[in-house]
Amino acid sequence: FQDIEKLSNLDKLPEYVIPENLSQTLREYQKTGYQWLRFLYEYNFGACLADDMGLGKTLQALTLLSEVHRDHGAPSLVVAPTSVLHAWKAEANRFAPELNVYVHHGSRRLKEIPDDVDVVVTSYTLLRIDPEVFARSWRLLFLDEAQRIKNPTSHISKTCRALSAKYRY
């Protein structure tokens, strides 16, 4: 309840430093988005990023992941449509190359997540097919195109809710 009280007494967002290792200069609205995500992370809240396509939600998410993964610990999980899995990896390589990203996809996918991975990217389909791989604690969970879980009685919605993650975006 203390965190909610702090939120209700907030006049403006704190200014968080953009991670230095980020290879992209954020636009002002992307900085504001990152500041908001970073603030919510600090106060133990999840978030929903909902704006038009092409405005940099992935970059804002990678900026937060870059900041959070400066400290070693549990990996984070990104669940996305199959069509954008490799785009997440390419964006991470381009903007946050210090993140070790593993794409869990294809016939040669691993049965266990390597210890040195910061971020795992997988599809909604493989989340259902390989539940044992994802039965662990995640630092952050990002659901890209989360409308896929809008039906709370669907199998994928139940599967996503069952994931163990303190922060959900």
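User: Which residues of α4 are buried?

Analyst: Leu85, Trp88, Ala92 and Phe95 are buried in α4. Buried means under 20% relative accessible area, exposed means over 50%, and partly exposed lies in between (1.4 Å probe, protein chains only). Helices (H or I, at least four residues) and strands (E, at least two) are DSSP runs, numbered from the N terminus. This is a predicted model: local features need pLDDT of at least 70, side-chain atom pairs count only at pLDDT 80 or more, and totals for chains, interfaces and linings use all residues. Residues are numbered from 1 along each chain as its sequence is written, and side-chain values use heavy atoms, with hydrogens and water left out.

User: How do you know that the buried residues of α4 are on the same side?

Analyst: Leu85, Trp88, Ala92 and Phe95 are the buried ones. They cover an arc of only 115° around the axis, so they sit on the same side of α4. The arc is that of the directions from the helix axis to the C-beta atoms.

User: What covers the buried residues of α4?

Analyst: The cover includes α3, β1, β2 and β3.

User: What makes the protein chain as compact as a globular protein of its length?

Analyst: The chain has six helices and five strands. Its radius of gyration is 16 Å, close to the 15 Å that the globule rule gives for 169 residues, so the chain is as compact as a globular protein of that length. The radius is taken over C-alpha atoms, and the rule is 2.2 Å times the number of residues to the power 0.38. Along its principal axes, the C-alpha trace spans about 50 × 35 × 30 Å. Of the 169 residues, 44% count as buried.

User: Which residues touch the most other members of the largest nonpolar core?

Analyst: Leu64, Val121, Leu140, Phe142 and Tyr169 do, in a core of 32 residues. α2, α3, β1, α4, β2, β3 and β4 each supply at least two residues of this core. The largest share, six residues, comes from α3. A second, separate core has 17 residues, among them Val79, Tyr102, Leu127 and Leu163.

User: Which residues is Leu140 in contact with, leaving aside neighbours within four places in sequence?

Analyst: The contacts of Leu140 are Tyr41, Leu64, Leu65, Val68, Pro75, Ser76, Leu77, Tyr167 and Tyr169. Contact means heavy atoms within 4.5 Å.

User: Why does Leu40 count as buried?

Analyst: Leu40 lies in helix α2. Its relative accessibility is 5%, so it counts as buried. Leaving aside neighbours within four places in sequence, Leu40 is in contact with Phe45, Gly46 and Ala47. Leu40 and Tyr167 are 127 residues apart in sequence and 9.2 Å apart in space, C-alpha to C-alpha.

User: What makes Lys31 and Glu28 a salt bridge?

Analyst: Their side chains meet at 3.3 Å, N to O. A salt bridge is a side-chain nitrogen of Lys or Arg within 4 Å of a carboxyl oxygen of Asp or Glu, so the pair qualifies. Lys31 and Glu28 are three residues apart in helix α2, about one helical turn. Lys31 is partly exposed at 28%, whereas Glu28 is exposed at 56%. The count of salt bridges comes to four.

User: Which residue forms a salt bridge with Glu42?

Analyst: Arg38 does, with the closest N and O atoms 3.8 Å apart. Both lie in helix α2, four residues apart, about one turn. Glu42 is partly exposed at 38%, while Arg38 is buried at 16%.

User: Is Glu67 buried or exposed?

Analyst: Glu67 is buried, with a relative accessible area of 14%. The side chains of Glu67 and Arg70 meet in a salt bridge (3.7 Å, N to O). Arg70 is exposed, at 56%.

User: Where is Asn44, and what is its phi?

Analyst: Asn44 is in the loop between α2 and α3. Its phi is positive, about 65°, although Asn44 is not a glycine. Most residues other than glycine have a negative phi. Asn44 is partly exposed, with a relative accessible area of 36%.

Note on methods:
Core = buried A, V, L, I, M, F, W, Y, C linked by side-chain atoms within 4.5 Å.
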